[in-house]
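Hi,

Here is the structure I promised to pass on.

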Amino acid sequence: MGKARSAARQKVKTPVIVELESDSNGADLNNSKSKGSNGSDPWASIEKGEAVSAREVFYKKSEQKEPRVKHYEKFKNKKQRISDGFQAKRVEVHSGALKPIKRRNHIDEAENVVSPASKMPTKKAKINEDGDSVNVFAGVIESKGTGESTKKKGIKRPFSESAKADKENEENLEGLESDDSYDSEEDEEFDEEDVQDGIDESDGSDSEREDSKGLDQCVVDGDDDESEDQGEEELDDEEVFRAQDAKTVSLQISNMEDESDDEGHESYDSEGYDSEDEANLGEDREAMVLQYKDADAILTLPDFDNFPFTDEDSSVTATRAFAWMVAPCDVQSFFKDFFQTNALIAKRSTPNYYNNLFSTQRLVEVLEKNHLEYGTNINIAEYKDGVRITPNGVGRVYPHHLTQHLSVGRSVQFVNPQTFDDRVWYFCEVLQEMFGCFVGANTYLTPPGSAGFAPHWDEIDAFLLQLEGKKYWKVYAPDSRENELPRESSGNFTDEDMEGRKPTFEGWIEEGDLLYIPRGFIHQASTADDVHSLHITISSGRLWTFADLLEKVVPEAVSAMARNSWKMRKSLPVGMLDMNGVAEIDYRLEEHFHDEWKRVVDRHMTTLRNSMREICDGGIDHMARIFMRTALPPRLTIEEKARSVVGSGTNILSGEDIEFRPSTKVKLIRRHAQRLLFENEDSCYISHRMANSRLYEGLPEQTFEFPSDFITGFNALCNSYPEWMSLSEMPDEMNGAEVQAMCHLLFHHGLIMIQQLPDRIKRKGKKTK
């Protein structure tokens, strides 16, 4: 086995290469007004879908040793699903089923697993005093003791009518054995014997089967009220009559649960992974190299001082910026075929493609004008003879300090350029609108003939934009499923650790090129002997996984269950130490393990699972709040400043205040700069990032209370974005005073812009004879 693996690793691996030919009469890239050879808009190649998609040649067999070259002409007529460039109208990045490592269309599954009970997105528990999290479960498990209507303006109805018709339901989800049946919490004693019978029968014991082929009638014991609890699905008589092999009613319900849970999971193994996609894992996957011969498809270099990608819709702005970064790969193909799955390399013949974003000279200017310190803002790195060291100084960093470090072969890492450089700030901030999480940056300046870092993987998705010089890279895909998409960065690997490993990509990344490294891919780099290297890494997705979501919300769900269920608060069984354990010894009370331990834990886990189904949208709000706290604030244009509370050339001595009239038009400044969150049905607040610090979590969370009477108006503003909305078009539920008060509140906190238009007053003219 070991010899075969070693032989497989020694095979020559050639990345897929796509050569894109451009017209020999291409225009000068340095001319900001230059057009394509056909006189069209320089972004036409993206708009018309001429930017090659990698999907046709992705994941080809690796036995072929010669580079496979695809010519640009073959992809000219590729159908583009949406616009990606400057003319993008709307963003639908997730319009189709994305393909992460385990590809699967979750749309149908999501529809099937939603609980019949009405969803309760607005029933969020109050923020705890530490400000760490929002309890999104309290409203799901807590009972409603009144029969009053819970419908509020602009809030989704939290409970179904059938649920409200129930009794107080102090523990409305207790004792669930499936989605369809449960033992009522009114019973002071749990019927252990009946449940045990149902479990034993579900194990397939033929001796306990009842022949139900001639079954004429089915009787279900239990309270009638149980069938209405939380809108749970019922097993009607017709389904029972159709059952050919029914054992008992409880077994039929158990089977229904199994079928429901297994729907859409047929191709998944015992660990929940799609066995058909296992071939996409491992270090044998191939990187994709997109390569031009003469010139890039995009002939206009963006001027980052003038907001080059900005559109009236911030989501479109994000699409334009991302399309420019990953070109010639279109946006949808990237997320479908590469994101968190495989490395992507875009090799361009345009050395100055990324130069307008950042440079060594801009680094010097930042150091001269700002107080940057070792460790906090600047790190010095050195990697020699397989050993990585960080010889940082103390205190403020000056340009002459870097001269000394570079002269002895040390690399300089600028940890947070977005905090000090407006161009990097703008680029990272607009990309946040697409990823929905914090997007940061690092720059790495490495002198000739050196390396600053040992082989390692990162816990983020990294987009490396080569600004100056070149670097030789080795990128290794994870060699096992256990190493895919790690949530923590690795330590430093040694050269011995990498012996025998086969890189998914190895080669030079030169000025103007892009290298995308998914989370968990090991990488290392070194510079040439005759030229330095400067690249900027745009990073996203740190601590932004489903695991991070569940780590935050599951403990809160358990705490809510404990508050509302007396059975959750029962002591663990006496004698449990003698019931079972991992060690293979004879446990004196092992015969009680199933009844006293396993079955009870299974029941509580089922209750927890059903509780989790009720707060899917609440979980999104929970992560949205984290995004608002950590994200960069928007970099506003001159017009946005002038129309918002920020102001541009404001005359503070004029004494004029903002007046909101029926003709006044308002608009949110960003689509994803604010989030309406609920403490309970009657209390809500807005969390936003408009006043955040450019330093990561440099300020406390920005929130303010929001009256529930304003909810419908805020929802209307969100729905009308990116269009301007006249105050006269506000919902009828709000009177004029409420509309004005809401607008004053949102304007005061910097969330909206205003357009003052003159009121239209009809004047009757005198008729002349």
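Arg-348 lies over the face of Tyr-353, 4.0 Å from the ring centre, and Lys-470 does likewise with Trp-508, at 4.6 Å from the ring centre. A charge sits over a ring here if NZ of Lys or CZ of Arg is within 6 Å of the ring centre and within 35 degrees of the ring normal.

Before the rest, some housekeeping. This is a predicted model, with local features needing pLDDT of at least 70 and side-chain atom pairs counting only at pLDDT 80 or more, while totals for chains, interfaces and linings use all residues. Residues are numbered from 1 along each chain as its sequence is written, and side-chain values use heavy atoms, leaving out hydrogens and water.

On to the aromatics. Rings of Phe, Tyr and Trp (its six-membered ring) pair if their centres lie within 6.5 Å; planes under 30 degrees apart are stacked, over 60 edge-to-face, and the rest tilted. That rule gives 33 aromatic pairs. In one of them, Phe-309 and Trp-324 have ring centres 5.7 Å apart and planes at 45°, so the pair is tilted. Phe-309 is in the loop between strand E3 (288–292) and helix H9 (314–326), and Trp-324 is in helix H9, so the pair ties together parts 15 residues apart in sequence. (Helices, H or I with at least four residues, and strands, E with at least two, are DSSP runs numbered from the N terminus.) Phe-309 is buried at 0% relative accessible area, and Trp-324 is buried at 0% too; buried means under 20%, exposed over 50% and partly exposed in between, with a 1.4 Å probe and protein chains only.

Phe-358 and Phe-414 are also tilted, because their planes are at 50°, with centres 6.4 Å apart. This pair links distant parts of the chain, 56 residues apart: Phe-358 is in the loop between strand E4 (344–347) and helix H11 (360–369), and Phe-414 is in strand E7 (residues 411–414). Both Phe-358 and Phe-414 are buried. There is an aromatic cluster as well, including Phe-322, Phe-435 and Tyr-516.

Last, a sheet. Three strands make an open antiparallel sheet in the order E15-E16-E17, where strands pair if DSSP finds at least two bridges between them. The edges are strand E15 (674–680) and strand E17 (702–706). Five bridges join strand E16 (residues 683–688) to E17, and His-688 has Gln-702 as its bridge partner in E17.

Overall, the chain has 20 helices and 19 strands, and buried residues make up 49% of its 769 residues.

Cheers
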